[in-house]
Amino acid sequence: MRHPRTLLATALGLGLAAVGAAPVASATPTDSAPLKASSYSSYQQSKENAAATKAFQQAVWTEVAKQRAANPGILAVTVRYNASSAPSFRTQIARSTQIWNSSVTNVKLQETTSGANFTYREGNDSRGSYASTDGHGRGYIFLDYRQNQQYNSTRVTAHETGHVLGLPDHYSGPCSELMSGGGPGTSCQNANPNSQERARVNQLWANGLTGLMAATR
């Protein structure tokens, strides 16, 4: 696995949903010792994280709804993302979106440089990686450098991207379950959703964005 260009670590890792807060978009990797993987757990499983993830989902779906309203004849749902603010993780982002696009049929993820429904960002945050909003109704996925030195980086990105598609965290699940995130520990290398997760996303998006928002209220 290639690691992000600016990271010095030899093992890249997984970012899991921690609480939403304003990211340090201009941050760069540091030489300080990475936090223990267990230090992220309380944030990942907090009510604050759950609220931030829900706000992220609503922000993304609202933007998608605007695009569909402008093009009512489009049947397939496409969710557009901008990865320009997370250059160190471009490979992992591309892999994770490819994984999802090959796993589900009722919604597709597409990269764009303008008019994105959500963005990826990178930096340092003691709470790890997470999905949230910027306070102005725009959703973003934040990828933390230090956490990515401990967990599988494609798993983190695919996990966070799973929130875009309507899946919640389930940290008590096994490694084979993508949305179990960091629950199985740093040895977990799986970056693919299992059959139940794939089926759930297809079910949620079966009737387009309207069906998704109705099913997740």
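**Questions on a predicted fold**

Colleague: Which helix holds Arg200?
Modeller: This is a predicted model: local features need pLDDT of at least 70, side-chain atom pairs count only at pLDDT 80 or more, and totals for chains, interfaces and linings use all residues. Residues are numbered from 1 along each chain as its sequence is written, while side-chain values use heavy atoms, leaving out hydrogens and water. Helices (H or I, at least four residues) and strands (E, at least two) are DSSP runs, numbered from the N terminus. Arg200 is found in helix α5.

Colleague: Is Arg200 buried, partly exposed or exposed?
Modeller: Buried means under 20% relative accessible area, exposed over 50%, and partly exposed in between (1.4 Å probe, protein chains only). Arg200 has 34% relative accessibility, so it counts as partly exposed.

Colleague: How far apart in space are Arg200 and Gly166?
Modeller: Along the sequence, 34 residues separate Arg200 and Gly166. In space, C-alpha to C-alpha, the distance is 8.6 Å.

Colleague: What pattern do the helices and strands follow along the sequence?
Modeller: The protein chain has six helices and five strands. Read along the sequence, their pattern is α-α-β-α-β-β-β-β-α-α-α.

Colleague: In what order do the strands lie in the sheet?
Modeller: Two strands pair if DSSP finds at least two bridges between them. β1 (residues 77–85) and β3 (residues 118–123) pair in the parallel sense over three bridges. β3 and β5 (residues 139–144) also pair in the parallel sense, over six bridges, whereas β4 and β5 run antiparallel and are joined by four. The pairing is mixed in this open sheet of five strands, and the order is β2-β1-β3-β5-β4.

Colleague: Which strands are at the edges of that sheet?
Modeller: An edge strand pairs on one side only. Here the edge strands are β2 (107–111) and β4 (130–133).

Colleague: By how many degrees are neighbouring strands of this sheet turned against each other on average?
Modeller: Axes are lines fitted to C-alpha atoms, for helices over the stretch in contact, and angles run from 0 to 180 degrees between N-to-C directions. For this average the direction is ignored. The value is 30°.

Colleague: Which residue of β5 is the bridge partner of Arg121?
Modeller: Strands of a sheet pair through backbone hydrogen bonds, either parallel or antiparallel. Arg121 in β3 is the bridge partner of Ser85. In β5, the bridge partner of Arg121 is Phe142.

Colleague: What is the span of helix α2 from its first C-alpha to its last?
Modeller: α2 (residues 47–70) has 24 residues.

Colleague: At what angle does α4 run to β5?
Modeller: α4 lies across β1, β2, β3, β4 and β5. Its angle to β5 is about 165°.

Colleague: Which residues outside its sequence neighbourhood does Asn101 contact?
Modeller: Asn101 lies in helix α3 (residues 90–103). Its relative accessible area is 24%, so Asn101 is partly exposed. Contact means heavy atoms within 4.5 Å. Leaving aside neighbours within four places in sequence, Asn101 touches Val107, Lys108 and Leu109.

Colleague: Which two residues form the disulfide?
Modeller: A disulfide is a pair of cysteine sulfur atoms within 2.5 Å. The structure holds one. Its sulfur atoms are 2.0 Å apart, and they belong to Cys175 and Cys188.

Colleague: Which cysteine of the pair is buried?
Modeller: Cys175 has 27% relative accessibility, so it counts as partly exposed. The other cysteine has 4%, so it counts as buried: Cys188.

Colleague: What share of the residues of the protein chain counts as buried?
Modeller: Helix α2 contributes buried residues, including Phe56, Val60, Trp61 and Val64. The protein chain has 217 residues, and the share that counts as buried is 51%.

Methods
The expected span of a helix is 1.5 Å times one less than its number of residues.
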